[in-house]
Amino acid sequence: MKHIYLDNAATTPMAPAVIDAMTAQMQADFGNASSTHWFGRQAHTVLDLARTTLAASINAKPEQIVITSGATEANNTAIMQTAHARASLGKHIITTAIEHLSVLKPLAALEQEGFRVTYLPVNDAGEISLADFDAALDDDTILVTMMMGNNEVGSVMPIQAVGERLRKHQAWFHTDATQAYGLLAIDVAALGVDLLSVSAHKLNGPKGVGFLYRGDAVTIAPLLRGGEQETKRRAGTENIPAIAGFAAAVDLVTPAEKAARQAKYFGFKQQIIDALTAANVEFAVNGTVKPGNLNHVFNLWLPGCSTYAVQTNLDLAGFAVSGGSACTAGSLEPSHVLTAMYGADSPRVSESIRVSFGATTTSADIAAFASALIKIVTKLRKH
Amino acid sequence: MVMVLDHSNTRVVVGMSGGVDSSVTALLLKQQGYDVVGVFMKNWDDTDENGVCTATTDYADVAKVASKIGIPYYSINFEKEYWDRVFQYFLTEYKAGRTPNPDVMCNKEIKFKAFLDYAEELDADYIAMGHYAQVTTDANGVVHMLRGADGNKDQTYFLSQLSQAQLQKSLFPIGHLQKPEVRRIAEEAGLATAHKKDSTGICFIGERNFKQFLSTYLPAQPGKMMTLDGEEKGTHDGLMYYTIGQRSGLGIGGNSENSEPWFVIGKDIDKNILYVGQGFNNPALMATHLDASGLSWTTGAPVGSEFHVTAKFRYRQPDVGVTVRMTGTDTATVEFDEPVRAITPGQAVVFYNGAECLGGGTIDHAYAQTRELQYV
């Protein structure tokens, strides 16, 4: 059976150029970038070049890039270390109700420590209101952490507008750009963000590597302590092959390529909508369909069909989509994003699937997927 | 020439619990060439304050076994269905002073209903789980459920409420095996669950303290413990904690001429009295017949309006000869060939004709000749 992968918001296959870059690195150099001999210098050169690439991708300076094990570490570092560094200035943090768990869980830990967190609500499009933000911001606020775009419904947050509002406020501004980084042009200076998290494996890079952008004003202690890597901001021997692969992946997503992908994925959404409509299959989009969203994410409500049944049937037919995050016993947890958008009692919470497109997705894949989905939904509704 | 049946277009959705029986069930079906899909059922949320639930390790075992066998595996959540259809029944029965049988209800409502429904959504031709029971189809296409070959493990008592339609959709691939043989097969195949301990007790309580568990859902009302003659013997912790025929927990003796142990012989739910009496075979425990309701027949109908078969009144008890007289569409009186000890309202009465499990119902009242035993 042919397996078609439509879960690119979870992770993506590595691009051939990435595999080449990593393989070359693994075969040629193995040195520790901190070593002062020839082998070390070879590794250090790769690291420097990669850092330059990563920095350029968001209009930052190389020394503002701290390479991490991924976005989870970057988010944890940005949030926990900012709170601890700035506790004397205030105890209030603003975020949204639909952040990734690697933002929400650190915030929950900080609440236990006595910090006060405001979770901005979202409307049924998965968007916050700036009025709510303005109402939440106060003199006690030391950090705003807001994702650039959502991983479940693709809605985007008003990062620039929030950045404007914070230019003359003490609060630092962190954004988790994990999903947005491969699709949107990002300029940290223009956006006014102090901290920004990215992960390589969402854009056809390797797993286990990412970075945290730290603006010059940011003075925080490292989360991982030990050696003096990353100019004392993140201890641990650098994973040079992964970092080389990360840079190769970033090289592939030029501004033109990002725009092309956004347009292509928007077309895929329309293709699915057209197919379901033509087949008279009842459905609704969770969130909205508009060109400015993160178009690789498409969340569909299929009334009367449980997420379990749809996702399992699709998998048995060879189509990989997401039914949401599962607990350690494999049971699906109700999505906090759909719950925030529609309420815990909405059937959308238990009758939706997320389809997400990637660089390797083709229109033929989408056609095959749509016809499989129509078959499955029709069957389930007859049952 | 050997005829080999091609099962590759027959899908069996196996309810995998993470135990050895369902592991071997999946393995044997896969070896027989079926299109096997494993599904783990999560029926109870016992997540502790650290976010850990017992289902975690069971699901991890399902993953190991399914990968080893080479079948896809998934999970489904029936917590709400279980709560509504099994646990509420469980509590209601205890509140009424009866002793429910949640395993019978779980098979009827969850494993062979909610799960079967879900399996059909996955295009299942059959479901299987790993019960020790056997089925055979007669010339008319009627499925008959037979006892498991391992007399010690036979689970037909718990499957007695299954309908013909449910049985038509069920396979029992280990029913002809002895338990040690099942473990040996698992071991030979290198399945991670080969030596896993069998689960014991009611599934949602597990190894926890039953009394403590029940007290978190039902308020305990302590009351008097009395003999049938009206003599007060002490206090009880709440009627729901006692089952007919169990040792009462009273000290040995009580008077000099009778030093036999004390047993629970009855309950008066209105007066909140627990009746106790001395002697394992106390006459108050010995019944001659019972009334049953909710009768269900595995082949679809009772064998007649009055018939002589054998019956079990609790799991793993030897069969007793009985005469069944139907008193309504799903009610009957069941008269025993010889007196039976500790007939317990709320438990299942299950009928057999030789190896075949005919079906069963729920015990409502027990009688000694014309006198109703004060069981509830």
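Aromatic rings and the interface

Reply: Phe87(B) and Phe204(B) are both buried. Keep in mind that the model is predicted.

Me: How far apart are the ring centres of Phe87(B) and Phe204(B), and at what angle are their planes?
Reply: The ring centres are 5.1 Å apart and the planes stand at 85°, so the pair is edge-to-face. Over 60 degrees between the planes is the cut-off for that label.

Me: Where in chain B do Phe87(B) and Phe204(B) lie?
Reply: Phe87(B) is in helix 3 (residues 79-95) of chain B, while Phe204(B) is in the loop between helix 7 (179-188) and helix 8 (210-215), so the pair ties together parts that are 117 residues apart in sequence.

Me: Which residues form one aromatic cluster with Phe87(B)?
Reply: Phe204(B) is one of them, and the cluster also includes Trp44(B), Tyr82(B), Trp83(B), Phe90(B) and Tyr94(B).

Me: Tyr59(B), buried or exposed?
Reply: Buried, because its relative accessible area is 15% and the cut-off for buried is under 20%. Tyr73(B) counts as partly exposed, because its relative accessibility is 30%.

Me: Moving on. What does Ser75(B) contact, leaving aside its neighbours within four places in sequence?
Reply: In chain B, Ser75(B) is in contact with Val39(B), Phe40(B) and Tyr59(B). From chain A, Tyr308(A), Ala329(A), Gly330(A) and Ser331(A) are in contact with Ser75(B). Ser75(B) lies in strand 3 of chain B and counts as buried, because its relative accessibility is 5%.

Me: Which backbone oxygen does the side chain of Ser75(B) reach at 3.2 Å?
Reply: That of Ala329(A). The Ser75(B) side chain also reaches the backbone oxygen of Gly330(A), at 3.5 Å.

Me: OK, the interface. How many residues does the contact take from each chain?
Reply: Chain A gives 14 residues and chain B gives 19 residues. Between them the two chains bury about 1,400 Å², 57% of it on carbon and sulfur atoms. In chain A, the residues that lose the most area to chain B are Leu316(A), Ala329(A) and His383(A), together 36% of what that side buries.

Me: Why quote an area for that?
Reply: The size of an interface is often given as the accessible area lost when the parts come together.

Me: How many salt bridges does the rule find across the interface of chain A and chain B?
Reply: One. Lys379(A) forms a salt bridge with Asp123(B), and their closest N and O atoms are 2.8 Å apart.

Me: Which elements give two or more residues to the side of chain A that touches chain B?
Reply: Helix 11 (307-316) and helix 13 (363-382) of chain A. Helix 11 gives the most, with six residues. By class, that side of chain A has five nonpolar, seven polar and two charged residues.

Definitions and conventions
Residues are numbered from 1 along each chain as its sequence is written. Chains are lettered from A and ligands numbered from 1 in the order in which they are written. This is a predicted model: local features need pLDDT of at least 70, side-chain atom pairs count only at pLDDT 80 or more; totals for chains, interfaces and linings use all residues. Side-chain values use heavy atoms; hydrogens and water are left out. Contact means heavy atoms within 4.5 Å. Buried area is the accessible area (1.4 Å probe) that two parts lose on being put together, summed over both. A salt bridge is a side-chain nitrogen of Lys or Arg within 4 Å of a carboxyl oxygen of Asp or Glu. Helices (H or I, at least four residues) and strands (E, at least two) are DSSP runs, numbered from the N terminus. Ala, Val, Leu, Ile, Met, Phe, Trp, Tyr, Cys and Pro count as nonpolar, Asp, Glu, Lys and Arg as charged, and the others, Gly among them, as polar. Buried means under 20% relative accessible area, exposed over 50%, partly exposed in between (1.4 Å probe, protein chains only). Rings of Phe, Tyr and Trp (its six-membered ring) pair if their centres lie within 6.5 Å; planes under 30 degrees apart count as stacked, over 60 as edge-to-face and the rest as tilted. A polar contact is a pair of N or O atoms within 3.5 Å; within protein, one must be able to donate a hydrogen and the other to accept it, and residues adjacent in sequence count only if both atoms are side-chain atoms.
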